[in-house]
Amino acid sequence: HTLYRNMPASMLEHMVREHEDGYVMLDTQYTRAAKALSHVLDTLGHPGLLCLFWRLHRRSGGTLRDVLTWPVIVFAWHLSRVWSLVHSYHNTGAPSLWYYGHDVYLLNNLDSYLMAYIAEGVCFAGAIVCRVYW
């Protein structure tokens with residue numbers, strides 16, 4: 001599981017063992033606790049922060065219409081592409097508009113990145129449709 005394989009080494013050694021055919025997922029009481037903690041950290045780190053910022057925005061009287069503006073949409077797309085350019089150049093020596101972190105993350109294949117970029121495209125398309133028709 002990619003999430004477990006990219007946790008800190010102190011957690012990783014209790015969840016996954018490298019094997020000549022790939023890796024073996026461990027199953028002990030401590031392993032189950034470490035896996036649960038990794039899911040909690042992943043949830044707090046990504047959607048948790050989004051939820052926090054959204055609630056703060058709503059608390060101050062903000063709406064979704066305030067967020068879905070052309071400057072925000074255009075900036076978010078450019079930030080995503082600059083992020084990819086910087087990371088691909090730093091890690092591979094060649095700039096690329098789409099960064100596949102196989103040289104940083106422990107991945108078996110790149111299938112997850114294809115889905116991530118499709119999801120990103122759907123989100124940007126949804127934001128644009130909302131902006132045009134709303």
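**Briefing: salt bridges and helix packing in a predicted model**

A salt bridge joins the side chains of Asp27 and Arg32, with N and O atoms 2.7 Å apart; the term denotes a side-chain nitrogen of Lys or Arg within 4 Å of a carboxyl oxygen of Asp or Glu. By this rule, the count is two salt bridges. The structure is a predicted model, in which local features need pLDDT of at least 70 and side-chain atom pairs count only at pLDDT 80 or more, while totals for chains, interfaces and linings use all residues. Residues are numbered from 1 along each chain as its sequence is written, and side-chain values use heavy atoms, with hydrogens and water left out.

**Salt bridges**

- Side chains of opposite charge can pair when their charged atoms come close.
- Buried means under 20% relative accessible area, exposed means over 50%, and partly exposed lies in between (1.4 Å probe, protein chains only).
- Arg81 forms a salt bridge with Glu120, and the closest N and O atoms of this pair are 3.2 Å apart.
- Arg81 belongs to helix H5 and Glu120 to helix H6, so this pair ties together parts that are 39 residues apart in sequence. Helices (H or I, at least four residues) are DSSP runs, numbered from the N terminus.
- Arg81 is buried, its relative accessible area being 3%.

**Packing of helices H5 and H6**

- Helix H5 spans residues 70-92 and helix H6 spans residues 111-133; their axes come within 10 Å and cross at roughly 165°. Axes are lines fitted to C-alpha atoms, for helices over the stretch in contact, and angles run from 0 to 180 degrees between N-to-C directions.
- H5 and H6 are therefore roughly antiparallel to each other, a term for angles over 145 degrees.
- The crossing of H5 and H6 is left-handed, which means that the near helix is turned anticlockwise from the far one by less than a right angle.
- On the H5 side, the residues that meet H6 are Trp70, Ile73, Ala76, Trp77, Ser80, Arg81 and Ser84. Their partners in H6 are Tyr117, Glu120, Phe124, Ala127, Ile128, Arg131 and Val132. Contact means heavy atoms within 4.5 Å.
- By class, this contact of H5 with H6 has nine nonpolar, two polar and three charged residues. Ala, Val, Leu, Ile, Met, Phe, Trp, Tyr, Cys and Pro count as nonpolar, Asp, Glu, Lys and Arg as charged, and the others, Gly among them, as polar.

- Ser84 is found in helix H5 and is buried at 2% relative accessibility.
- Not counting residues up to four places away in sequence, Ser84 touches Ser96, Leu97, Trp98, Tyr99 and Tyr117.
- Val72 also lies in helix H5, and is partly exposed at 39% relative accessibility.
- Val72 and Arg55 are 17 residues apart in sequence, and their C-alpha atoms are 18 Å apart in space.
- Ser112 lies in helix H6 and is partly exposed at 43% relative accessibility.
- Ser112 and Thr2 are 110 residues apart in sequence, with a C-alpha to C-alpha separation of 9.7 Å in space.

**A residue in helix H3**

- Thr31 has its place in helix H3, which covers residues 29-59.
- Thr31 is buried, with a relative accessible area of 0%.
- Thr31 touches His14, Met15 and Leu26, not counting residues up to four places away in sequence.

Conventions:
Helices (H or I, at least four residues) and strands (E, at least two) are DSSP runs, numbered from the N terminus. Angles under 35 degrees count as roughly parallel, over 145 as roughly antiparallel, 65 to 115 as roughly perpendicular and the rest as oblique.
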